[in-house]
Amino acid sequence: MIDYLRHHLGAKLLLSYLAIILVGVVTLILASQFVLPVTFNHHMLGMGTMNGMMGGQTAGNSGVMSTLYTDFRASFNEALIYAALAATIVAVALSIYLSRSVIAPVHAMSIATQNIADGHYDKRVQIQGEDELAQLATRFNQMAAKLDQVESMRQRLIGDVSHELRTPLTAIKGSMEGLMDGVLPADHETFFQIHAEADRLNRLVDDLQELSRVEAHAYELDLRPVDVSLMVKTVAKRLTPQFESKHIALNLDVEPGLSPAFADEDRAVQVLTNLTGNALQYTPENGKVTISARQINNEILISVHDTGVGIPAEHLQHVFDRFYRVDKSRSRRAGGGSGIGLTIARALVEAQGGKLQVESPGSDMGSTFTFTMKKAP
Ligand SMILES: Nc1ncnc2c1ncn2[C@@H]1O[C@H](COP(=O)(O)OP(=O)(O)OP(=O)(O)O)[C@@H](O)[C@H]1O
Ligand SMILES: [Mg+2]
């Protein structure tokens with residue numbers, strides 16, 4: 001019995017109602033035992049005095065009074081029994097109703113929690129009403145949805161990473177087997193290819209490490225006023241040799257008197273280098289890349305525009321997705337990356353309170369990547 005009570009909220013509720021009724025009944029019994037005779041006499045005496053004043057016979061009435069009291073007591077006790085019965089029925093009904101409306105949702109949530117603990121992240125609870133329990137159920141469902149999302153992201157990430165790792169590993173293994181079997185010549189080109197694939201693996205692992213750091217916000221932002229013009233010049237100077245060797249013009253167009261941005265300089269440089277590097281990578285020889293900076297209201301906008309391969313409309317919204325490449329074979333042939341650069345860049349921009357967006361009129365019509373930073377106060 002005690003064990004049943006300990007495990008059932010409904011039984012506890014019923015018991016507490018019954019306890020309240022019991023206390024009420026006992027109080028009434030005690031009152032009828034000790035208080036009722038006194039108050040009855042007091043009231044009857046009052047009536048007797050009134051009768052005396054009206055010329056009645058008070059002394060001969062004591063027998064009638066005692067019968068009256070006994071009858072009154074009996075009807076009082078009867079009423080008490082009916083009241084206690086009615087209260088017990090209401091208590092049972094109330095506890096059944098509360099069991100349905102309070103305990104059933106809690107029970108449903110407990111089952112859903114168990115399901116989630118067992119790894120079934122798609123389970124949800126039904127929401128009824130708008131009270132605190134309904135709010136709890138809504139929050140619970142939100143939490144379950146988030147867990148579901150994180151879990152599917154994790155699974156996708158593992159799938160993507162193994163796929164990305166497999167490609168260079170297969171190439172290295174193939175080349176090594178070719179070398180061992182004597183099918184491939186042990187010359188510079190073969191070693192160069194193996195080295196390039198190992199290098200690709202290395203970059204991929206570095207990028208993944210950086211991505212996980214950035215996505216987990218496992219770094220400190222050092223926000224302070226940044227001279228945007230100087231930053232643009234620094235990035236341009238660093239990349240000039242690569243632009244020259246590919247015969248691509250790199251132009252700067254920074255609004256004069258531009259206010260400083262409020263940003264983490266190293267991270268902003270990383271983003272701009274990434275975007276400019278992409279522009280260089282996806283623009284054929286003799287193309288043109290322009291880095292421009294301007295201010296709109298309280299924001300500093302930095303754009304990297306190129307006259308390169310462009311991005312078809314259906315790919316635009318995906319280029320920031322992890323491992324997304326518009327043309328996988330082309331980026332691989334060109335010694336291209338793994339499709340993580342823009343994911344990292346967007347996360348870094350957003351961490352500083354800005355936005356990174358892309359525009360492109362279409363294939364072979366160039367593209368423009370623009371990111372914003374807050375103006376320094
Ligand atoms: N300036 C650009 N012009 C055309 N396409 C671009 C440009 N920048 C990015 N893209 C497309 O977006 C994809 C994702 O870019 P992202 O920088 O994330 O990856 P990546 O350059 O392929 O590799 P990495 O991780 O080494 O940077 C690229 O593969 C490319 O298809
Ligand atoms: Mg890139």
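Visitor: Which helix gives the most to the shell around ligand 1?
Guide: α7 does, with 3 residues. Keep in mind that this is a predicted model.

Visitor: What makes a residue part of that shell, and how many residues surround ligand 1?
Guide: A heavy atom of the residue must lie within 4 Å of the ligand. 21 residues surround ligand 1. The closest are Asn278, Asp306, Ile340, Gly341 and Leu342.

Visitor: Which elements each supply at least two residues of the shell?
Guide: α7 (265-281), α10 (341-351) and β7 (367-375).

Visitor: Why is the pair between Asn278 and ligand 1 called a polar contact?
Guide: The cut-off is 3.5 Å between N or O atoms. A polar side-chain atom of Asn278 lies 2.8 Å from a ligand oxygen, so the pair qualifies.

Visitor: What makes Asp306 and Gly339 qualify?
Guide: The 3.5 Å limit again. Asp306 places a polar side-chain atom 2.9 Å from a nitrogen atom of ligand 1. Gly339 uses a polar backbone atom, 3.0 Å from a ligand oxygen. The protein covers 95% of the 590 Å² of accessible area that ligand 1 has on its own.

Visitor: How is the shell around ligand 1 made up by class?
Guide: 10 residues are nonpolar, 8 polar and 3 charged.

Visitor: How do you know that the span of α4 is close to the expected one?
Guide: Helix α4 (residues 132-181) has 50 residues.

Methods:
Residues are numbered from 1 along each chain as its sequence is written. Chains are lettered from A and ligands numbered from 1 in the order in which they are written. This is a predicted model: local features need pLDDT of at least 70, side-chain atom pairs count only at pLDDT 80 or more; totals for chains, interfaces and linings use all residues. Side-chain values use heavy atoms; hydrogens and water are left out. A polar contact is a pair of N or O atoms within 3.5 Å; within protein, one must be able to donate a hydrogen and the other to accept it, and residues adjacent in sequence count only if both atoms are side-chain atoms. Accessible areas come from the Shrake-Rupley method with a 1.4 Å probe; for residues, only the protein chains shown count as cover. Helices (H or I, at least four residues) and strands (E, at least two) are DSSP runs, numbered from the N terminus. Ala, Val, Leu, Ile, Met, Phe, Trp, Tyr, Cys and Pro count as nonpolar, Asp, Glu, Lys and Arg as charged, and the others, Gly among them, as polar. The expected span of a helix is 1.5 Å times one less than its number of residues.
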